Amino acid sequence: MEWLPFSLYLLGTGLCRAASTQGPGLDQPSAVKARRGESVTLPCSCDVCNYPDFHSEWHFAGGNSGPGTILTVKTTIGSKHLDPQCKFSMMHQRNSSSLLLIKNLQINDQGTYVCTMIKNVPPPMVILKGPGTQLEVYALPKVWLSASPSEAALPMALVTCEVRDFYPQSLYAILNAACGGYAVLADNASVVMTGDGTFNTTLQAWVNVTDCQNGTEVTCLVRQLTAETHRILWIPRAKNKALLPVPIILIRFIFGGAVVLWFIFLLGCFMKSLPGPAAALSSLHNASHPVDPQAGGGRADVPELE
């Protein structure tokens with residue numbers, strides 16, 4: 001029963017519009033730009049009306065030529081929100097103006113918003129319709145800049161500039177190196193649309209720092225609408241890891257082999273100078289065997305003194 005006044009209002013409006021008169025037009029801005037995730041207020045007013053009591057409606061066309069969807073209705077009794085999350089809300093001001101508040105803007109909120117104002121008291125009924133406001137939603141890009149050294153032992157680095165979650169698709173992006181040359185890869189023009197309607201792109205380039213004393217500074221510049229984003233990365237000069245010439249490597253190999261053979265020869269000579277195992281055992285046996293005095297050997301006879 002609480003929606004009965006709105007139902008009667010809409011029914012009475014439909015029956016009486018045939019006998020209504022058209023008054024002066026409503027003033028609406030032709031276009032409004034707002035950032036995704038923020039809130040925006042769309043104004044609608046009639047400066048010469050000064051109605052003490054009026055009703056208003058807001059319609060969303062969504063970019064097509066149809067009549068649009070009724071978003072919200074406001075009367076003197078109250079407001080009726082036709083979306084469950086109350087994304088859209090409306091307020092009236094005394095100078096015959098209606099304001100539409102849209103929360104948490106997303107890409108699919110783009111389109112034309114038309115304001116309609118209805119005056120019932122005093123008669124006759126007057127219906128005012130605005131030209132509509134084109135709402136444009138944009139999303140600023142998120143930029144990351146990184147570099148990875150090359151696989152080969154060369155003073156080069158692969159620089160990658162990732163641009164994410166931007167809208168609209170038109171975007172200006174460029175890589176610059178303060179010192180040294182760079183070669184941009186051929187597939188940098190590819191732009192991919194994501195599930196939420198935004199776009200992603202990637203720029204890559206090989207940066208050569210051979211002629212740079214310490215390294216070079218690489219900048220990724222991204223420009224969208226009136227906003228600019230800069231990302232700066234320092235790339236140090238790579239160490240010289242070039243291979244030695246073949247003759248030098250061969251000489252080092254031969255010299256190392258000769259030194260190893262010389263040590264082996266000295267070790268063999270030292271081992272030969274040591275007594276063998278048989279000689280060592282014989283010496284040990286003679287030193288430990290007792291001497292027999294009757295054998296007549298191993299000891300000289302000493303004459304006895306008288």
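Predicted model: local features only at pLDDT ≥ 70, side-chain atom pairs only at ≥ 80, totals over all residues.
Figure 1. The structure holds 3 aromatic pairs. In one of them, Phe60 and Tyr113 lie 4.7 Å apart from centre to centre, with 40° between the planes, and the pair is tilted. Phe60 belongs to strand S4 (residues 55-60) and Tyr113 to strand S9 (residues 111-119), so this pair ties together parts that are 53 residues apart in sequence.

**Figure 2. The rings of Phe166 and Phe199.** The ring centres of Phe166 and Phe199 are 6.2 Å apart and their planes stand at 35°, so this pair is tilted as well. The pair links distant parts of the chain, with Phe166 in strand S13 and Phe199 in strand S17 (residues 199-208), 33 residues apart. Phe166 is buried, with a relative accessible area of 1%, and Phe199 counts as buried at 7% relative accessibility. Ring pairs join Phe166, Phe199 and Tyr167 into a cluster.

**Figure 3. The largest nonpolar core.** In soluble globular proteins, nonpolar side chains tend to be buried together. Here the largest nonpolar core has 47 residues, and those with the most contacts inside it are Ile102, Tyr113, Leu135 and Leu175. Strand S13 (residues 156-166) gives the most to this core, with 5 residues.

Figure 4. Strands of a sheet pair through backbone hydrogen bonds, either parallel or antiparallel. The 3 strands in this view form an open sheet in the order S3-S8-S7, with antiparallel pairing. Strand S3 (40-45) and strand S7 (88-93) are the edge strands, and each pairs on one side only. On average, neighbouring strands of this sheet are turned by 20° against each other, direction ignored. S3 is joined to strand S8 (residues 97-102) by 6 bridges. Val40 stands opposite Ile102 in S8.

Figure 5. Glu217 sits in strand S18 (residues 215-224). The C-alpha atoms of Glu217 and Ile235 are separated by 6.2 Å, with the two residues 18 residues apart along the chain.

Note on methods: Residues numbered from 1 in each chain as written. Heavy atoms only, no water. Pairing = 2+ DSSP bridges. Helix = DSSP H or I, 4+ residues; strand = E, 2+ residues; numbered from the N terminus. Axes fitted to C-alpha atoms, helices over the stretch in contact; angles between N-to-C directions. Core = buried A, V, L, I, M, F, W, Y, C linked by side-chain atoms within 4.5 Å. Buried < 20%, exposed > 50% of the residue type's maximum accessible area, 1.4 Å probe, protein only. Phe/Tyr/Trp six-rings, centres within 6.5 Å; stacked < 30°, edge-to-face > 60°.
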